[in-house]
Amino acid sequence: MPPKKLKLATLLAQGGVVDEDPLMASSPPIYQTATFKQPDPVAMGPYDYTRSGNPTRTAVEKQLAALEARTFVFTSGMAALATVTHLLSAGDHILAGDDLYGGTSRLLSSVAPRLGLEVTNVDACNPEAVARALRPGKTKLVMLESPTNPRLQVCDIRALSALAHGAGALVCVDNSILTPLYQRPLDLGADISMTSATKFANGHSDLMAGVLAVRDPALAQRIYFLQNSEGAGLAPHDCWLLARGLKTMALRMDRQVANARRIAAWLERAPLVRALAYPGLASHPGRAVHEAQATGPGSILSFRTGSVAASQAICRATRLFKVTVSFGGVGSLISMPCFMSHASIPAEVRAARGLPDDLIRISAGIEDIEDLLEDLEQAFQVATNLVAAETPVPASSS
């Protein structure tokens, strides 16, 4: 009888082993070295220079590979995405969604054109619009997020991958919000799955890392060549931290999703909320597509109040939700993307893409949900009082 296939949570908890460790330490050693002694001047060992490879990096890449496929870890999610753009040549065309993380938007709008790459943004939730924007033979990369950051829009990864491949393009999906625990873009037809390991994979907001996962051996070799040539591989100590964080990733995300569901249900009833986006809600327009390609809604949600002042008041009044960029840590976070993570996108571009200034994004942590809801309730009361104080009293008709 073949051995039973282990679940992802088990693979993560059991992973992160350095095969070369002669003592088989339960916590893998950190090979904090730049170089490795070689057996002979003309016979190289498995490692020679940490930029090219390191046992601690190999261990965490194998741990991550159990989730998806061949993986490469980088110094940040943006370093990973920059490497993807370096697969292209001057004159190539990139088609990207129009609701992307601010750093990705900056990379595509300000850096890629200097490399001779042409970039077009399109509503990725509309397959017909994507089909019209593709340029067969010219479009070499389609860059997607689903759910998107911060509006939590959902695009059909399988359908868009088929369209892109028909035009001869690679597909890269930023899967940072769900991670391979809840969505596996490679199974849906994507060529490259990118996860910002700064977030859920590490989970403790104390390192930056990015992951690229691919199945095609030739594509994997191209990515390794770039990782080595450009020196963007993750350093040994950060690899060790990431391997440690991965062991509890499934446990943390289960709690975070449970908390996000409760917060979303509470926000649905909150009078100040004008619009709410969370894939776990029946009201989400992309829920059917999301449930067809993902196994969970994640723990990120966003909402509008209709008032920048009210949104600011909520963020300032929270006590347990830290006002900070990023997401996916054990602590709950709250932010206003247009002033923080997406501030690098020009205001007129944000407006054209439907990214409003009053938008609030929440990343649910692992705290007790009753404490989080009480904190939101008092923060909303502060905002409600502010709105009431600023609302003009109608003149008496007497």
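User: In which loop is the place of Ser326?

Analyst: The model is predicted: local features need pLDDT of at least 70, side-chain atom pairs count only at pLDDT 80 or more, and totals for chains, interfaces and linings use all residues. Residues are numbered from 1 along each chain as its sequence is written, and side-chain values use heavy atoms, with hydrogens and water left out. Ser326 has a positive phi of about 75° although it is not a glycine. Its place, with strands (E, at least two residues) and helices (H or I, at least four) taken as DSSP runs numbered from the N terminus, is the loop between β10 and β11.

User: Is Ser205 buried or exposed?

Analyst: Ser205 also has a positive phi, of about 55°, and is not a glycine. This residue is found in the loop between β6 and β7. Buried means under 20% relative accessible area, exposed over 50% and partly exposed in between (1.4 Å probe, protein chains only). Because its relative accessible area is 57%, Ser205 is exposed.

User: Which feature does UniProt place at Lys199?

Analyst: Lys199 is found in the loop between β6 (192–196) and β7 (210–214). With a relative accessible area of 12%, Lys199 is buried. The UniProt entry is unreviewed, and its annotations, given in the numbering used here with shortened feature names, may be inferred rather than shown by experiment. The feature recorded at Lys199 is "modified residue: N6-(pyridoxal phosphate)lysine".

User: Which residues does Lys199 touch, not counting residues up to four places away in sequence?

Analyst: Contact means heavy atoms within 4.5 Å. One of the residues touched by Lys199 is Ser326, which at 25% relative accessibility counts as partly exposed. With residues up to four places away in sequence not counted, Lys199 touches Ser176, Ser326, Phe327 and Gly328.

User: What is the relative accessibility of Asn202?

Analyst: Asn202 lies in the loop between β6 and β7. Leaving aside neighbours within four places in sequence, Asn202 is in contact with Ala197, Leu207, Leu241, Leu242, Gly245 and Arg252. Asn202 counts as buried because its relative accessibility is 2%.

User: How many of the 11 residues of helix α2 are buried?

Analyst: Helix α2 covers residues 55–65, and its buried residues include Pro55, Arg57 and Leu64. Among the elements that cover the buried residues are α1 (8–14), β1 (70–74) and α8 (217–230). Helix α2 is largely enclosed by the rest of the structure, because the number of its buried residues is eight.

User: Which residue in β7 stands opposite Phe74?

Analyst: Strand β1 is mostly covered, with four of its five residues buried. Two strands pair if DSSP finds at least two bridges between them; β1 and β7 are antiparallel and pair over five bridges. Opposite Phe74 stands Gly210.

User: What is the omega of the peptide bond from Ser146 to Pro147?

Analyst: Pro147 has its place in the loop between β4 (139–145) and α6 (157–166). The peptide bond from Ser146 to Pro147 is cis, with omega near -5°.
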